[in-house]
Amino acid sequence: MAIIICDIDDTLLRNGTQPIRSTIDWINSHASYTIALVTGRPRSTRSRTVAALRAAGIKYDSLYMNPYSTQDSDKWKYEKA
């Protein structure tokens with residue numbers, strides 16, 4: 001099984017909600033892959049994040065959100081990936 005692991009901010013979305021179309025189109029063109037999104041955004045923002053991903057038309061299988069403070073997000077993303 002092939003997996004693509006992708007960040008959200010400044011990779012798929014700019015300024016929280018603005019789609020980065022070239023990356024989204026590339027991700028969506030790989031429907032046969034498992035798409036896992038890993039973000040430093042805190043879990044408390046899950047509903048807003050899911051809404052922004054849906055609005056941008058991003059297809060994904062899993063969304064992993066930071067359980068820690070945002071200052072630990074780089075470490076958490078590295079460990080998760």
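Modeller: Happy to! A salt bridge here is a side-chain nitrogen of Lys or Arg within 4 Å of a carboxyl oxygen of Asp or Glu. By that rule the count is two salt bridges. Please keep in mind that this is a predicted model, in which local features need pLDDT of at least 70, side-chain atom pairs count only at pLDDT 80 or more, and totals for chains, interfaces and linings use all residues. Residues are numbered from 1 along each chain as its sequence is written, and side-chain values use heavy atoms, with hydrogens and water left out.

Helices (H or I, at least four residues) and strands (E, at least two) are DSSP runs, numbered from the N terminus. Arginine 41 is buried, at 13% relative accessibility, while aspartate 9 is partly exposed at 29%. Buried means under 20% relative accessible area, exposed over 50%, and partly exposed in between (1.4 Å probe, protein chains only).

In the other bridge, aspartate 25 pairs with arginine 21, and their closest N and O atoms are 3.6 Å apart. Aspartate 25 and arginine 21 are four residues apart in helix 1 (residues 21-28), so about one helical turn separates them. Aspartate 25 is partly exposed at 41% relative accessibility, and arginine 21 is partly exposed at 39%.
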